[in-house]
Amino acid sequence: MIGKTVLIVDENQATRGYLSSVLKERQFDTLEVGSGKEALISAWRDNPDLILFDPIFSDIQDVEFIQKLRQHARTEKTPIIAFSSDPAPARREACLKAGVDEYIVKSSGALSQLHQALDRLFSGGTTIPGSTESGHGSRGKGLLFVFLSAKGGTGTSSLCANLAMTIKEQHPEARVVVADLVLPIGSIGQIVGYGGQVNLVTAANLPSGQANGEYFLKNLPEPELWKFQLLAGSPDPQHGSNLKVDRIGQIVETLRAAYDFVILDIGRSLSRFSLPLIQQADLIPLIVSTDQSTVKLTKTVWEYLHELGIDTQNVYAILNRAVGLEGLTKAEAEQIIGFPIKTTLPYMGSNFALANNLNQPIITKYPKDTATIIFKDVAGDMVKLARQLRARAGLN
Ligand SMILES: Nc1ncnc2c1ncn2[C@@H]1O[C@H](COP(=O)(O)OP(=O)(O)OP(=O)(O)O)[C@@H](O)[C@H]1O
Ligand SMILES: [Mg+2]
(Lines give C-alpha, C1' and ligand atoms only; values in the text may rest on other atoms or scores of the structure.)
(Ligands and ions follow the chains in the order given, each with its own letter.)
Protein backbone atom coordinates (compact mmCIF):
# COMPACT_ATOMS: atom_id res chain seq x y z
CA MET A 1 0.00 0.00 0.00
CA ILE A 2 1.93 2.96 -1.32
CA GLY A 3 2.29 5.85 1.09
CA LYS A 4 1.18 3.90 4.20
CA THR A 5 3.54 3.17 7.06
CA VAL A 6 3.40 0.28 9.51
CA LEU A 7 5.14 0.40 12.87
CA ILE A 8 6.41 -3.10 13.70
CA VAL A 9 7.01 -3.78 17.39
CA ASP A 10 8.62 -7.04 18.42
CA GLU A 11 11.46 -7.79 20.80
CA ASN A 12 12.76 -10.37 18.34
CA GLN A 13 14.81 -8.78 15.60
CA ALA A 14 14.41 -11.65 13.13
CA THR A 15 10.62 -11.44 13.44
CA ARG A 16 10.71 -7.70 12.84
CA GLY A 17 12.82 -8.20 9.73
CA TYR A 18 10.54 -10.93 8.46
CA LEU A 19 7.35 -8.92 8.99
CA SER A 20 9.00 -5.91 7.44
CA SER A 21 9.81 -7.83 4.26
CA VAL A 22 6.26 -9.20 4.08
CA LEU A 23 4.84 -5.69 4.40
CA LYS A 24 7.29 -4.12 1.98
CA GLU A 25 6.26 -6.75 -0.52
CA ARG A 26 2.78 -5.18 -0.25
CA GLN A 27 4.33 -1.75 -0.75
CA PHE A 28 4.00 -0.55 2.82
CA ASP A 29 6.77 1.51 4.35
CA THR A 30 7.87 0.09 7.69
CA LEU A 31 9.37 1.25 10.97
CA GLU A 32 10.82 -1.26 13.41
CA VAL A 33 11.30 -1.01 17.16
CA GLY A 34 12.25 -3.59 19.77
CA SER A 35 10.53 -2.41 22.96
CA GLY A 36 7.20 -1.10 24.23
CA LYS A 37 8.55 2.28 25.30
CA GLU A 38 10.26 2.93 21.97
CA ALA A 39 7.03 1.90 20.28
CA LEU A 40 5.04 4.56 22.13
CA ILE A 41 7.58 7.23 21.22
CA SER A 42 7.59 6.22 17.56
CA ALA A 43 3.79 5.89 17.41
CA TRP A 44 3.30 9.46 18.66
CA ARG A 45 6.22 10.96 16.75
CA ASP A 46 5.94 9.15 13.39
CA ASN A 47 2.17 8.79 13.18
CA PRO A 48 2.09 5.34 11.48
CA ASP A 49 -1.03 4.12 9.66
CA LEU A 50 -0.94 0.78 11.49
CA ILE A 51 0.74 -0.58 14.60
CA LEU A 52 1.62 -4.27 14.45
CA PHE A 53 2.97 -5.56 17.76
CA ASP A 54 3.73 -8.65 19.80
CA PRO A 55 2.05 -7.98 23.18
CA ILE A 56 4.81 -9.73 25.13
CA PHE A 57 7.07 -6.91 26.32
CA SER A 58 9.69 -6.88 29.05
CA ASP A 59 9.33 -3.14 29.72
CA ILE A 60 5.58 -2.53 29.81
CA GLN A 61 2.32 -4.47 30.31
CA ASP A 62 0.41 -5.25 27.12
CA VAL A 63 -2.88 -3.75 28.33
CA GLU A 64 -1.18 -0.62 29.58
CA PHE A 65 0.57 -0.24 26.21
CA ILE A 66 -2.71 -0.46 24.31
CA GLN A 67 -4.49 1.92 26.69
CA LYS A 68 -1.74 4.51 26.37
CA LEU A 69 -2.14 4.41 22.60
CA ARG A 70 -5.91 4.60 22.79
CA GLN A 71 -5.86 7.52 25.25
CA HIS A 72 -3.51 9.65 23.15
CA ALA A 73 -5.04 11.93 20.52
CA ARG A 74 -2.50 10.93 17.86
CA THR A 75 -3.16 7.20 18.15
CA GLU A 76 -6.71 6.90 19.49
CA LYS A 77 -7.96 5.76 16.06
CA THR A 78 -4.82 4.16 14.62
CA PRO A 79 -5.46 0.51 13.68
CA ILE A 80 -3.60 -1.85 16.02
CA ILE A 81 -2.99 -5.52 15.29
CA ALA A 82 -1.55 -7.82 17.92
CA PHE A 83 0.70 -10.40 16.26
CA SER A 84 1.20 -12.49 19.32
CA SER A 85 3.44 -15.30 20.45
CA ASP A 86 0.92 -16.06 23.21
CA PRO A 87 -2.06 -18.22 22.14
CA ALA A 88 -3.77 -17.93 25.57
CA PRO A 89 -7.43 -16.84 25.27
CA ALA A 90 -7.05 -14.65 28.40
CA ARG A 91 -4.44 -12.45 26.76
CA ARG A 92 -6.44 -12.28 23.54
CA GLU A 93 -9.51 -11.08 25.43
CA ALA A 94 -7.57 -8.56 27.47
CA CYS A 95 -5.95 -7.07 24.37
CA LEU A 96 -9.21 -6.89 22.43
CA LYS A 97 -10.91 -5.28 25.40
CA ALA A 98 -8.13 -2.71 25.73
CA GLY A 99 -8.63 -1.72 22.12
CA VAL A 100 -6.68 -3.75 19.55
CA ASP A 101 -8.50 -4.29 16.26
CA GLU A 102 -7.25 -7.81 15.62
CA TYR A 103 -5.43 -10.48 17.61
CA ILE A 104 -3.47 -12.93 15.47
CA VAL A 105 -1.54 -15.79 17.07
CA LYS A 106 1.83 -16.54 15.47
CA SER A 107 1.24 -19.95 13.90
CA SER A 108 1.29 -21.57 10.49
CA GLY A 109 -1.82 -19.70 9.33
CA ALA A 110 -0.80 -16.37 10.83
CA LEU A 111 0.58 -14.79 7.70
CA SER A 112 -2.56 -15.31 5.67
CA GLN A 113 -4.63 -13.94 8.58
CA LEU A 114 -2.39 -10.91 8.58
CA HIS A 115 -2.90 -10.43 4.83
CA GLN A 116 -6.65 -10.70 5.30
CA ALA A 117 -6.55 -8.14 8.10
CA LEU A 118 -4.52 -5.79 5.89
CA ASP A 119 -7.03 -6.28 3.08
CA ARG A 120 -9.86 -5.40 5.45
CA LEU A 121 -8.10 -2.33 6.81
CA PHE A 122 -6.71 -0.91 3.60
CA SER A 123 -8.69 -2.22 0.64
CA GLY A 124 -10.62 1.04 0.43
CA GLY A 125 -7.39 3.05 0.48
CA THR A 126 -6.00 4.84 -2.50
CA THR A 127 -2.92 3.70 -4.34
CA ILE A 128 -0.90 5.73 -6.77
CA PRO A 129 -0.43 3.61 -9.89
CA GLY A 130 3.20 3.08 -10.71
CA SER A 131 4.30 5.76 -8.33
CA THR A 132 7.83 5.70 -7.07
CA GLU A 133 7.75 9.21 -5.77
CA SER A 134 7.03 8.45 -2.10
CA GLY A 135 10.61 9.42 -1.28
CA HIS A 136 11.24 6.85 1.39
CA GLY A 137 11.88 3.62 -0.50
CA SER A 138 10.54 2.91 -3.98
CA ARG A 139 7.80 0.32 -4.38
CA GLY A 140 8.92 -3.29 -4.63
CA LYS A 141 8.70 -5.29 -7.81
CA GLY A 142 5.38 -6.89 -8.63
CA LEU A 143 5.11 -10.62 -7.98
CA LEU A 144 6.04 -12.54 -11.10
CA PHE A 145 4.13 -15.71 -12.08
CA VAL A 146 5.38 -17.60 -15.13
CA PHE A 147 2.93 -20.18 -16.51
CA LEU A 148 4.55 -22.89 -18.57
CA SER A 149 4.14 -26.45 -19.74
CA ALA A 150 6.32 -29.09 -21.31
CA LYS A 151 3.88 -29.78 -24.11
CA GLY A 152 1.17 -27.92 -26.01
CA GLY A 153 -2.54 -28.28 -25.45
CA THR A 154 -2.29 -28.91 -21.70
CA GLY A 155 -4.45 -25.89 -20.83
CA THR A 156 -1.67 -23.43 -19.96
CA SER A 157 -3.26 -20.38 -21.56
CA SER A 158 -6.78 -21.10 -20.27
CA LEU A 159 -5.48 -21.65 -16.75
CA CYS A 160 -3.26 -18.58 -16.92
CA ALA A 161 -6.19 -16.34 -17.91
CA ASN A 162 -8.65 -17.90 -15.47
CA LEU A 163 -6.33 -17.95 -12.47
CA ALA A 164 -5.22 -14.37 -13.15
CA MET A 165 -8.87 -13.31 -13.23
CA THR A 166 -9.50 -15.11 -9.95
CA ILE A 167 -6.46 -13.44 -8.36
CA LYS A 168 -7.75 -10.02 -9.45
CA GLU A 169 -11.19 -10.85 -8.05
CA GLN A 170 -9.63 -11.79 -4.71
CA HIS A 171 -7.41 -8.68 -4.68
CA PRO A 172 -9.52 -5.96 -6.27
CA GLU A 173 -7.15 -3.28 -5.01
CA ALA A 174 -4.13 -4.85 -6.73
CA ARG A 175 -2.93 -4.03 -10.21
CA VAL A 176 -2.83 -7.25 -12.21
CA VAL A 177 -1.45 -7.65 -15.72
CA VAL A 178 -1.31 -10.73 -17.92
CA ALA A 179 1.27 -10.81 -20.72
CA ASP A 180 1.01 -13.41 -23.45
CA LEU A 181 4.55 -14.26 -24.56
CA VAL A 182 3.75 -17.39 -26.55
CA LEU A 183 5.39 -17.34 -29.97
CA PRO A 184 4.77 -17.24 -32.82
CA ILE A 185 1.11 -16.60 -31.95
CA GLY A 186 -0.63 -15.80 -28.69
CA SER A 187 -4.05 -17.09 -27.64
CA ILE A 188 -5.11 -15.23 -24.51
CA GLY A 189 -6.58 -12.38 -26.58
CA GLN A 190 -8.86 -14.97 -28.12
CA ILE A 191 -9.83 -16.47 -24.76
CA VAL A 192 -10.77 -13.10 -23.24
CA GLY A 193 -12.19 -11.61 -26.45
CA TYR A 194 -9.62 -8.93 -27.23
CA GLY A 195 -8.62 -8.27 -30.82
CA GLY A 196 -7.37 -4.71 -30.53
CA GLN A 197 -4.14 -3.17 -31.74
CA VAL A 198 -2.12 -3.03 -28.52
CA ASN A 199 -0.01 -6.15 -28.13
CA LEU A 200 3.46 -7.47 -27.42
CA VAL A 201 4.68 -6.75 -30.94
CA THR A 202 3.45 -3.14 -31.01
CA ALA A 203 4.80 -2.54 -27.49
CA ALA A 204 8.22 -3.90 -28.46
CA ASN A 205 8.28 -1.56 -31.45
CA LEU A 206 7.78 1.58 -29.35
CA PRO A 207 10.83 3.69 -28.54
CA SER A 208 11.97 2.38 -25.16
CA GLY A 209 11.26 5.66 -23.34
CA GLN A 210 7.66 5.51 -24.47
CA ALA A 211 6.89 1.96 -23.32
CA ASN A 212 6.99 2.94 -19.65
CA GLY A 213 4.76 1.93 -16.75
CA GLU A 214 2.40 4.79 -17.37
CA TYR A 215 1.96 3.73 -21.00
CA PHE A 216 0.93 0.21 -19.98
CA LEU A 217 -1.35 1.33 -17.15
CA LYS A 218 -3.10 3.73 -19.50
CA ASN A 219 -3.23 1.75 -22.73
CA LEU A 220 -3.54 -1.93 -21.93
CA PRO A 221 -7.11 -3.15 -22.35
CA GLU A 222 -9.11 -4.50 -19.44
CA PRO A 223 -11.37 -7.07 -21.10
CA GLU A 224 -14.89 -7.17 -19.74
CA LEU A 225 -15.46 -9.82 -17.03
CA TRP A 226 -11.74 -10.58 -16.77
CA LYS A 227 -10.77 -7.56 -14.65
CA PHE A 228 -7.01 -7.75 -15.27
CA GLN A 229 -5.16 -5.73 -17.89
CA LEU A 230 -3.83 -7.66 -20.86
CA LEU A 231 -0.70 -7.33 -22.91
CA ALA A 232 -1.93 -9.56 -25.72
CA GLY A 233 0.46 -11.77 -27.64
CA SER A 234 1.53 -11.75 -31.23
CA PRO A 235 -1.63 -11.73 -33.39
CA ASP A 236 -0.19 -13.95 -36.13
CA PRO A 237 3.01 -15.82 -37.02
CA GLN A 238 4.12 -13.08 -39.41
CA HIS A 239 4.16 -10.49 -36.62
CA GLY A 240 5.51 -13.06 -34.19
CA SER A 241 8.56 -13.74 -36.29
CA ASN A 242 9.28 -10.00 -36.51
CA LEU A 243 9.02 -9.48 -32.77
CA LYS A 244 11.98 -7.76 -31.20
CA VAL A 245 12.59 -10.46 -28.58
CA ASP A 246 15.45 -8.50 -27.06
CA ARG A 247 12.90 -6.02 -25.72
CA ILE A 248 10.89 -8.61 -23.78
CA GLY A 249 13.05 -8.58 -20.66
CA GLN A 250 12.75 -4.83 -20.40
CA ILE A 251 8.99 -4.90 -20.97
CA VAL A 252 8.53 -7.43 -18.17
CA GLU A 253 10.76 -5.34 -15.91
CA THR A 254 8.63 -2.27 -16.64
CA LEU A 255 5.44 -4.20 -15.92
CA ARG A 256 6.86 -5.38 -12.60
CA ALA A 257 7.55 -1.80 -11.59
CA ALA A 258 3.99 -0.72 -12.40
CA TYR A 259 1.83 -3.71 -11.37
CA ASP A 260 1.43 -5.76 -8.19
CA PHE A 261 1.01 -9.05 -10.09
CA VAL A 262 2.65 -9.77 -13.42
CA ILE A 263 1.37 -13.03 -14.86
CA LEU A 264 3.07 -14.44 -17.94
CA ASP A 265 2.04 -17.19 -20.31
CA ILE A 266 5.18 -18.56 -21.96
CA GLY A 267 3.55 -21.81 -23.08
CA ARG A 268 6.10 -24.49 -23.87
CA SER A 269 8.85 -22.17 -25.00
CA LEU A 270 12.17 -22.55 -23.27
CA SER A 271 14.23 -20.00 -25.11
CA ARG A 272 16.87 -17.34 -24.74
CA PHE A 273 14.24 -14.81 -23.70
CA SER A 274 12.01 -17.04 -21.56
CA LEU A 275 14.68 -18.70 -19.39
CA PRO A 276 15.70 -15.51 -17.56
CA LEU A 277 12.01 -14.86 -16.88
CA ILE A 278 11.60 -18.32 -15.36
CA GLN A 279 14.70 -17.68 -13.26
CA GLN A 280 13.26 -14.43 -11.89
CA ALA A 281 9.78 -15.82 -11.24
CA ASP A 282 8.40 -15.81 -7.73
CA LEU A 283 6.20 -18.72 -8.72
CA ILE A 284 6.24 -21.04 -11.73
CA PRO A 285 2.83 -22.62 -12.32
CA LEU A 286 3.73 -25.71 -14.33
CA ILE A 287 0.77 -27.21 -16.13
CA VAL A 288 0.86 -30.97 -16.60
CA SER A 289 -1.76 -33.06 -18.36
CA THR A 290 -2.40 -36.66 -17.39
CA ASP A 291 -1.01 -38.48 -20.44
CA GLN A 292 2.23 -40.45 -20.15
CA SER A 293 4.12 -38.48 -22.76
CA THR A 294 3.41 -35.06 -21.24
CA VAL A 295 4.33 -36.28 -17.78
CA LYS A 296 7.61 -37.75 -19.03
CA LEU A 297 8.42 -34.62 -20.98
CA THR A 298 7.66 -32.56 -17.87
CA LYS A 299 10.29 -34.54 -16.00
CA THR A 300 12.86 -33.76 -18.69
CA VAL A 301 11.98 -30.07 -18.72
CA TRP A 302 12.09 -29.96 -14.95
CA GLU A 303 15.55 -31.57 -14.84
CA TYR A 304 16.78 -28.94 -17.28
CA LEU A 305 15.31 -26.08 -15.21
CA HIS A 306 16.75 -27.56 -12.05
CA GLU A 307 20.21 -27.52 -13.62
CA LEU A 308 19.73 -23.84 -14.33
CA GLY A 309 19.35 -23.27 -10.60
CA ILE A 310 15.58 -23.16 -10.28
CA ASP A 311 14.32 -24.33 -6.93
CA THR A 312 11.53 -26.91 -6.59
CA GLN A 313 9.80 -24.73 -4.04
CA ASN A 314 9.11 -22.09 -6.71
CA VAL A 315 7.37 -24.61 -8.94
CA TYR A 316 3.61 -24.90 -8.56
CA ALA A 317 2.66 -28.00 -10.49
CA ILE A 318 -0.98 -28.30 -11.54
CA LEU A 319 -2.31 -31.55 -12.96
CA ASN A 320 -4.95 -30.53 -15.47
CA ARG A 321 -7.29 -33.20 -16.75
CA ALA A 322 -7.57 -31.37 -20.01
CA VAL A 323 -8.12 -34.45 -22.12
CA GLY A 324 -10.56 -36.62 -20.18
CA LEU A 325 -10.80 -38.89 -17.21
CA GLU A 326 -8.33 -41.52 -18.34
CA GLY A 327 -4.59 -41.11 -17.85
CA LEU A 328 -2.22 -41.08 -14.92
CA THR A 329 -3.27 -40.37 -11.36
CA LYS A 330 -1.69 -37.60 -9.31
CA ALA A 331 0.43 -40.12 -7.39
CA GLU A 332 1.66 -41.78 -10.58
CA ALA A 333 2.51 -38.42 -12.14
CA GLU A 334 4.35 -37.32 -8.99
CA GLN A 335 6.35 -40.53 -9.02
CA ILE A 336 7.53 -39.90 -12.57
CA ILE A 337 8.22 -36.17 -12.24
CA GLY A 338 9.82 -36.47 -8.83
CA PHE A 339 8.19 -33.61 -6.95
CA PRO A 340 4.77 -32.90 -5.51
CA ILE A 341 1.81 -31.82 -7.58
CA LYS A 342 0.01 -29.06 -5.70
CA THR A 343 -3.42 -29.53 -7.16
CA THR A 344 -5.54 -31.39 -9.69
CA LEU A 345 -8.11 -29.67 -11.88
CA PRO A 346 -11.05 -31.80 -12.97
CA TYR A 347 -11.95 -32.60 -16.54
CA MET A 348 -14.68 -30.13 -17.46
CA GLY A 349 -15.71 -31.67 -20.75
CA SER A 350 -16.91 -29.20 -23.34
CA ASN A 351 -17.76 -26.63 -20.65
CA PHE A 352 -14.22 -25.33 -20.64
CA ALA A 353 -14.06 -24.84 -24.41
CA LEU A 354 -17.55 -23.30 -24.30
CA ALA A 355 -16.55 -20.75 -21.68
CA ASN A 356 -13.43 -19.96 -23.76
CA ASN A 357 -15.50 -19.57 -26.91
CA LEU A 358 -17.90 -17.22 -25.13
CA ASN A 359 -14.90 -15.28 -23.74
CA GLN A 360 -16.13 -15.89 -20.21
CA PRO A 361 -14.11 -16.83 -17.13
CA ILE A 362 -14.94 -20.26 -15.70
CA ILE A 363 -15.80 -18.87 -12.28
CA THR A 364 -18.31 -16.44 -13.80
CA LYS A 365 -19.83 -18.91 -16.24
CA TYR A 366 -19.99 -21.86 -13.81
CA PRO A 367 -20.04 -20.32 -10.34
CA LYS A 368 -21.26 -23.55 -8.70
CA ASP A 369 -18.93 -25.98 -10.46
CA THR A 370 -16.27 -27.84 -8.48
CA ALA A 371 -13.71 -26.32 -10.83
CA THR A 372 -14.71 -22.85 -9.59
CA ILE A 373 -14.08 -23.84 -6.00
CA ILE A 374 -10.71 -25.25 -7.00
CA PHE A 375 -9.78 -22.16 -9.04
CA LYS A 376 -10.49 -19.93 -6.03
CA ASP A 377 -8.49 -22.17 -3.74
CA VAL A 378 -5.57 -22.40 -6.13
CA ALA A 379 -5.47 -18.65 -6.81
CA GLY A 380 -5.43 -17.93 -3.07
CA ASP A 381 -2.79 -20.56 -2.44
CA MET A 382 -0.53 -19.35 -5.25
CA VAL A 383 -0.55 -15.77 -4.01
CA LYS A 384 0.09 -16.86 -0.45
CA LEU A 385 2.99 -19.06 -1.48
CA ALA A 386 4.51 -16.45 -3.79
CA ARG A 387 4.41 -13.87 -0.99
CA GLN A 388 6.01 -16.27 1.46
CA LEU A 389 8.76 -17.14 -0.99
CA ARG A 390 9.40 -13.47 -1.71
CA ALA A 391 9.52 -12.63 1.97
CA ARG A 392 11.91 -15.52 2.59
CA ALA A 393 14.12 -14.48 -0.33
CA GLY A 394 14.18 -10.99 1.14
CA LEU A 395 15.62 -12.36 4.36
CA ASN A 396 18.62 -13.96 2.67
N1 LIG B 1 -9.73 -29.08 -17.28
C2 LIG B 1 -10.16 -29.03 -18.55
N3 LIG B 1 -11.28 -29.67 -18.92
C4 LIG B 1 -11.73 -29.63 -20.20
N5 LIG B 1 -11.11 -28.95 -21.19
C6 LIG B 1 -9.98 -28.30 -20.89
C7 LIG B 1 -9.45 -28.28 -19.57
N8 LIG B 1 -8.32 -27.52 -19.57
C9 LIG B 1 -8.17 -27.09 -20.83
N10 LIG B 1 -9.15 -27.54 -21.64
C11 LIG B 1 -9.32 -27.28 -23.09
O12 LIG B 1 -8.09 -27.65 -23.74
C13 LIG B 1 -7.86 -26.84 -24.87
C14 LIG B 1 -6.43 -26.31 -24.86
O15 LIG B 1 -6.31 -25.31 -23.86
P16 LIG B 1 -5.24 -24.14 -23.93
O17 LIG B 1 -5.28 -23.45 -25.24
O18 LIG B 1 -5.42 -23.36 -22.72
O19 LIG B 1 -3.91 -25.01 -23.84
P20 LIG B 1 -2.40 -24.57 -24.06
O21 LIG B 1 -1.58 -25.46 -23.24
O22 LIG B 1 -2.27 -23.12 -23.83
O23 LIG B 1 -2.24 -24.90 -25.60
P24 LIG B 1 -1.16 -24.32 -26.68
O25 LIG B 1 -0.06 -25.31 -26.71
O26 LIG B 1 -1.93 -24.27 -27.94
O27 LIG B 1 -0.73 -22.97 -26.20
C28 LIG B 1 -8.90 -25.74 -24.84
O29 LIG B 1 -9.92 -26.05 -25.77
C30 LIG B 1 -9.46 -25.79 -23.43
O31 LIG B 1 -10.79 -25.39 -23.42
MG1 LIG C 1 -1.40 -21.63 -24.98
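This short talk covers the pockets, the aromatic pairs and a few backbone details of one predicted model.

Ground rules. Residues are numbered from 1 along each chain as its sequence is written, and chains are lettered from A and ligands numbered from 1 in the order in which they are written. Because the model is predicted, local features need pLDDT of at least 70 and side-chain atom pairs count only at pLDDT 80 or more, while totals for chains, interfaces and linings use all residues; side-chain values use heavy atoms, with hydrogens and water left out.

Pockets to start. A pocket here is an open set of points on a 1 Å grid over the protein atoms alone, where a 1.4 Å probe fits, with protein on both sides within 12 Å along at least five of seven lines. Lining residues have an atom within 4 Å of a point. Volume is the space filled by probe spheres set on the points, and points are joined across faces, edges and corners.

The largest pocket holds about 490 Å³ of space. Its lining has 31 residues, and G153, T154, G155, T156 and S157 are the closest to its centre. Which elements supply at least two residues each to that lining? They are α6 (156-170), α7 (188-192), β9 (261-267) and α15 (350-357). Helices are DSSP runs of H or I with at least four residues, strands are runs of E with at least two, and both are numbered from the N terminus. By class, the lining has 12 nonpolar, 16 polar and 3 charged residues. Nonpolar means Ala, Val, Leu, Ile, Met, Phe, Trp, Tyr, Cys and Pro; charged means Asp, Glu, Lys and Arg; the others, Gly among them, are polar.

Stay with α6. Its 15 residues reach 21 Å from first C-alpha to last, close to the 21 Å expected at 1.5 Å a residue. That expected span is 1.5 Å times one less than the number of residues. In α6, 13 of the 15 residues are buried. Buried means under 20% relative accessible area, exposed over 50%, and partly exposed in between, with a 1.4 Å probe and protein chains only.

Now the second largest pocket, with about 240 Å³ of space. It is lined by 18 residues; closest to its centre are G196, N199, G233, S234 and P235. α7 gives the most to this lining, with 3 residues. The classes are 5 nonpolar, 12 polar and 1 charged.

Next, aromatics. The structure holds 7 aromatic pairs. Rings of Phe, Tyr and Trp (its six-membered ring) pair if their centres lie within 6.5 Å; planes under 30 degrees apart are stacked, over 60 edge-to-face, the rest tilted. Y215 and F216 have ring centres 5.3 Å apart and planes at 75°, so they are edge-to-face. Y215 and F216 are both buried. W302 and F339 are edge-to-face too, at 5.0 Å and 70°. W302 sits in helix α13 (292-307) and F339 in the loop between α14 (330-337) and β12 (343-345), so this pair ties together parts 37 residues apart in sequence. F53, F57 and F65 are linked by ring pairs into a cluster.

Last, the backbone. Where is the cis peptide bond? It joins L183 and P184, with omega about 5°. P184 lies in the loop between β7 (176-180) and α7. L225 is not a glycine, yet has a positive phi of about 75°. L225 is partly exposed, at 36% relative accessibility. N359, also not a glycine, has a positive phi of about 60°. N359 lies in the loop between α15 and α16 (362-365).
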